[in-house]
Amino acid sequence: MHNPVSALGGEMFEGFATIREVGPMGMITLRCKMDEKPLATTLKKLGFSLPDQRRISHGKDRSAGWMSPDELLLILPYADVAATMEGLASGLAKTHHLAADVSDARAMFRIEGEKADQVLAKLCPVDLKTLAPAELRRTRAAQVAAAFWAQDGGYTLVSFRSVAGYVMGILRHAAAKGAEI
Amino acid sequence: MSTRLQKGGRLIDRSTRAEFTFNGRRLIGHAGDTLASALLANDQMLVGRSFKYHRPRGIVAAGPEEPNALVNLGRADRLEPNQRATTTELYAGLEAASQNHWPSLDFDIGVVNNYLARFLPAGFYYKTFIHPRAAWKHLFEPIIRQSAGLGSAPKETDADRYEFVYAFCDVLIIGGGIAGLQAALTAGQAGKRVILLEQTAHWGGRAVVDGDTVENESAEEWVTSAVDALKTMENVTLRNRCMGAGVYDHGYVLANERLADHTPGDGRPKQRVWRIRAGHIISATGAIERPLSFAGNDIPGVMLAASVRDYVVNYAVSPGDRTVVVTNNDDAYLTAITLVEAGLSVPVVLDARAQADGPLPSRARALGIRVETGRGIASVKGGKRVTGVQICLQAGEGAVMEEIACDAVAMSGGWSPVVHLWSHCGGKLIWSETLSAFVPDSARPPLNHDGSAMVSCVGAAAGVYDPADIIAGTDSDGAATAIVPVWMMPQGAPIGLRSKMWLDYQNDVKVSDVQLAAREGYESVEHTKRYTTLGMATDQGKLSNINGLAVLSQALGAEIPQVGTTTFRPPYTPVTIGALAGEARGEIFQPLRRTPMHDWHDQNGAYWEPVGLWRRPYCYPRAGETHDQAVQREVINTREKLGLLDASTLGKIIVKGPDAGRFLDMLYTNMMSNLAVGKCRYGLMCNEQGFLSDDGVVARIDEDTWLCHTTSGGADRIHGWMEDWLQCEWWDWKVYTANVTEQYAQVAVVGPNARKLLEKIGGMDVSKEALPFMQWADGSLGGFPVRVYRISFSGELSYEIAIPASHGAAFWDMLHREGAEFGAMPYGTECLHVLRAEKGFIMIGDETDGTVTPLDLGLGWAVSKKKADFLGKRGMERTYLADPERWKLVGLETLDGSVLSDGAYAVAPGTNENGQRNTEGRVTSTYYSPTLKKGIAMGLIKNGPDRMGEVVELNKVDGGTVKARIVDAVFFDKEGEKGNA
């Protein structure tokens with residue numbers, strides 16, 4: 001078996017904040033009505049908990065993010081995706097849903113450091129002061145779609161894989177030394 | 001002469017010298033100087049030439065309203081034209097050059113225009129250069145452009161970086177004077193989130209210069225403690241060097257922070273644009289002093305009275321030993337007092353009013369300053385600098401009563417509140433008879449979404465000048481600051497004087513020009529502005545607008561409020577384009593979408609083609625090959641051996657649910673619900689009008705699930721289209737979609753050796769029996785998890801293999817390594833196009849342009865006649881689209897084997913009602929076919945399919961026509977044997 005490779009192979013940048021491309025990370029798009037009873041139980045069985053609107057809930061090594069009224073983003077170890085897809089298929093067999101492995105369709109970045117929020121403030125039209133704990137914020141980073149949330153003293157940002165190079169470029173630019181706000 | 005005083009200068013640091021150059025001359029200033037104050041300290045009074053007459057121009061103001069002192073700042077990759085010396089902070093090594101002069105600032109040939117001024121009135125160009133028409137472009141415009149123009153455009157790539165920042169607050173205050181600071185204290189103490197912006201490097205505005213008293217403290221002390229108090233508040237953000245540029249709907253404000261303008265090359269971003277969303281905006285932007293219109297008011301040495309104080313107090317710079325003050329208000333007396341207290345001479349204060357008995361005039365008289373009321377300036381003497389003034393009665397016609405020698409004139413025509421930010425989003429103005437100024441009409445503010453006032457004005461911006469009123473939030477009757485307007489000096493000035501009274505210094509608009517415009521019928525201030533160019537220069541009329549419209553109103557015999565103002569538009573002062581572009585330049589100018597194999601293509605010499613935001617290899621030229629040769633080699637190799645195509649950009653959308661089949665039957669023109677699991681079917685999508693929108697192969701994955709391939713450019717659009725129908729129209733259908741385009745790298749393995757390669761790699765059965773044409777299978781190849789589709793866009797034996805993107809590059813590498821023995825070569829998009837054109841396959845965007853139906857393209861076999869409905873069905877049935885006479889797809893073969901021009905028209909006899917040649921069709925795709933060794937084309941021809949064998953004429957780019965025969969669009973392997981192999 002071959003090893004999966006993330007979009008930028010773990011590229012890193014040290015500015016006034018640290019930028020790291022992380023991954024490969026397992027991700028599943030799950031579309032389903034949130035009030036379908038088997039959803040919560042199936043998620044629980046698979047180690048996730050149903051997030052509130054616009055929130056992300058974290059489990060041991062996995063998270064579930066609310067993307068829209070009928071869409072969740074499940075984040076989990078890459079190696080666990082196949083088993084989780086099977087678990088979803090069986091748990092939701094009688095429930096109208098769509099689960100798609102999108103692990104390879106995405107890129108994930110960590111933005112860390114005391115001033116990590118300043119990096120995002122330059123790229124995303126988001127009021128970071130009012131970002132709630134465990135809020136998953138869908139927004140844009142400069143010219144591309146992105147989502148981020150605060151985690152472990154920094155931020156985790158997700159973009160599409162094809163624009164990973166662009167996202168790394170704008171993060172580098174925003175985090176360059178001397179450009180502190 | 002202007003010079004540096006021995007003492008004083010609250011903003012300069014005399015211990016730090018800053019050497020700089022002006023027009024190559026080495027000069028010395030101090031840290032804390034502006035370029036303007038440093039130039040004046042070096043007696044550089046002449047700083048530029050005006051736009052039209054090339055008149056000598058000196059520094060008039062001390063702030064952003066400056067119209068004259070514009071310089072080319074820096075050089076090479078840091079050259080910036082039209083930079084105002086008055087707002088440019090001095091730094092060691094600064095290089096500045098004056099603009100709009102030739103050959104030199106002191107001796108300018110263009111000044112000949114000045115002597116022709118009476119022949120160059122308002123609208124001169126419009127009137128003169130109309131005929132002959134062609135001469136404008138080829139003769140007049142080049143000459144005028146040579147003699148006009150201000151700074152020189154930078155030619156090198158900007159060395160600096162810029163960025164945006166998004167900010168949010170309850171209260172945004174623009175202007176860091178007493179009013180702004182007080183507003184920030186109030187809002188900050190109330191616990192609001194506050195942002196306070198100040199365009200200069202210093203807090204306090206005018207009050208600290210004028211030595212006002214605020215709450216029993218000196219303004220300086222009050223400002224220091226206010227700023228200190230604000231800095232301790234966590235809910236308050238203070239930014240200086242940050243100009244509030246524009247106010248937009250919903251409390252959106254753009255501000256421009258000049259981070260490193262004064263420290264070029266220190267690694268910081270040069271400028272940062274703040275994109276602020278504010279609950280409420282407080283404009284504390286102060287007021288701008290007005291010039292007076294007297295003859296010669298543009299001669300270097302004539303300055304605004306308050307600006308003279310700025311130079312003396314802030315920078316210890318004297319504009320002249322002897323300064324005549326001319327005014328219509330008390331405030332200018334402070335200038336006279338300041339100058340005398342600095343040890344300079346004020347020969348006379350000329351006050352246009354009959355009486356001047358306020359506290360300041362009294363103080364001036366007590367200092368022994370001569371005050372003459374009811375007097376004005378008939379004319380300023382001097383050329384490149386002031387040498388004296390001629391005094392006259394304000395009420396008269398300019399008869400000279402006395403001539404006084406001086407080397408500077410400080411003028412004040414009163415103050416205009418800076419109402420720009422109030423007005424940007426629709427705040428209305430009201431004319432204050434007391435202040436002789438437009439002030440914000442608080443009853444008609446710009447409105448928020450909920451109808452509340454979006455902006456409010458405080459302090460001088462609201463016409464409130466007294467610090468006590470500002471602090472108390474009261475508005476006295478303004479009696480203390482009342483202004484008797486003086487729009488012309490003297491009021492009965494004859495034309496000879498009026499044609500030397502400058503309104504707009506930068507664009508050379510005089511009182512006589514505006515009066516001429518009025519006589520010629522220009523009644524609207526907006527039209528007069530454009531006709532005379534009043535207020536259209538880089539300063540946007542900060543000094544000239546009110547004076548100009550007052551002159552216009554007098555000439556029209558109308559009241560000023562009836563004439564109105566021109567429109568205030570952002571930005572308040574110019575913002576460089578680099579700042580507005582933010583981070584978007586160079587590598588991150590635009591998102592570039594990369595497939596997992598992008599780097600391989602790059603390393604293997606791909607010649608790129610943009611496809612949406614993707615880059616796709618057009619071809620892979622080898623050493624010595626032209627692109628054409630590379631394409632031909634790729635075509636032949638793919639037809640004869642083995643081609644590999646990176647098809648990752650192909651759109652891939654999963655559609656799942658109990659109603660998915662029904663949904664796809666509505667979306668596609670043909671049936672998809674009856675597609676068997678494991679099989680593939682080509683499908684067409686139309687918009688409601690019946691025009692072809694997208695195409696691709698659909699695969700049935702399981703009972704509930706289909707995978708729809710779209711065109712590369714159509715993936716996001718079609719996904720949006722699907723969601724639109726599902727969310728807005730068929731919201732009760734149980735269907736979910738997911739766009740998984742980027743989840744998979746996709747490789748087309750194409751050519752007679754395709755199967756050999758996959759069999760060698762091994763892992764799954766890819767034989768004709770196990771995996772026939774138009775079927776798919778999951779499995780593994782060489783240890784990679786794959787889904788293999790037997791589909792073909794080339795007519796060859798072809799497998800399209802989808803693989804998780806994180807394995808894409810490794811899989812692609814393996815195919816090349818293992819395929820070498822079978823002649824594997826990568827091919828690009830142009831080869832793909834040739835291959836599909838040889839087979840007569842249509843391409844969305846080539847054969848379609850939004851006006852073409854599937855029936856036009858002979859794709860009736862893919863349009864269901866059985867289905868009750870699908871998107872586009874009714875559209876296609878409309879008479880015009882069902883017309884049998886429509887242009888329809890055929891193949892075209894030139895009789896001489898040449899390649900037709902792309903987009904060429906088939907010409908028909910005669911001309912239409914517009915005198916244009918009639919046409920009967922057009923070329924949609926045209927290529928040289930290396931397989932057939934001749935030009936092939938597809939085109940839409942009137943009644944085409946019924947005219948097989950006929951010869952039509954198609955036009956050529958370089959004139960003439962070429963004959964082509966109408967043939968079947970399938971040029972190669974008509975029976976389709978190769979693809980089914």
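**Close-up views of a predicted two-chain model**

**Figure 1. Buried residues of helix α14 of chain B.** In α14(B), the buried residues are B:Val511, B:Ser512, B:Asp513, B:Val514, B:Gln515, B:Leu516, B:Ala517 and B:Ala518; a residue is buried if 20 or more other C-beta atoms, placed from the backbone, lie within 10 Å of its own, exposed if 12 or fewer, and partly exposed in between. The model is predicted: local features need pLDDT of at least 70 and side-chain atom pairs count only at pLDDT 80 or more, while totals for chains, interfaces and linings use all residues. Residues are numbered from 1 along each chain as its sequence is written, and chains are lettered from A and ligands numbered from 1 in the order in which they are written. Helix α14(B) runs over residues 511-519, and eight of its nine residues are buried. Helices (H or I, at least four residues) and strands (E, at least two) are DSSP runs, numbered from the N terminus. The buried residues of α14(B) pack against α13 (495-498), β31 (502-504), β32 (509-510), α15 (525-532) and α16 (545-556) of chain B. Just after α14(B), B:Gly521 has a positive phi of about 105°.

Figure 2. The 13 residues of α7(B) (219-231) should span 18 Å at 1.5 Å a residue, and the end C-alpha atoms are 18 Å apart, which agrees; the expected span is 1.5 Å times one less than the number of residues. Buried in α7(B) are B:Ala219, B:Trp222, B:Val223, B:Ala226, B:Val227 and B:Leu230. They lie on the same side of α7(B) because they cover an arc of only 125° around the axis, the arc being that of the directions from the helix axis to the C-beta atoms. B:Asp228 and B:Lys231 are exposed on the other side of α7(B).

**Figure 3. A hairpin in chain B.** Strands β2(B) (residues 13-22) and β3(B) (residues 25-31) pair in the antiparallel sense over seven bridges; two strands pair if DSSP finds at least two bridges between them. Two residues separate the strands of this hairpin, and B:Asn23 in the turn has a positive phi of about 50°. B:Thr21 is opposite B:Arg26 in β3(B).

**Figure 4. Contacts between chains A and B.** Chain A has 39 residues in contact with 35 residues of chain B, contact meaning that the C-beta atoms of two residues, placed from the backbone, lie within 7 Å. On the side of chain A that touches chain B, α4(A) gives the most, with six residues. The predictor gives the complex an ipTM of 0.97 and a pTM of 0.94.
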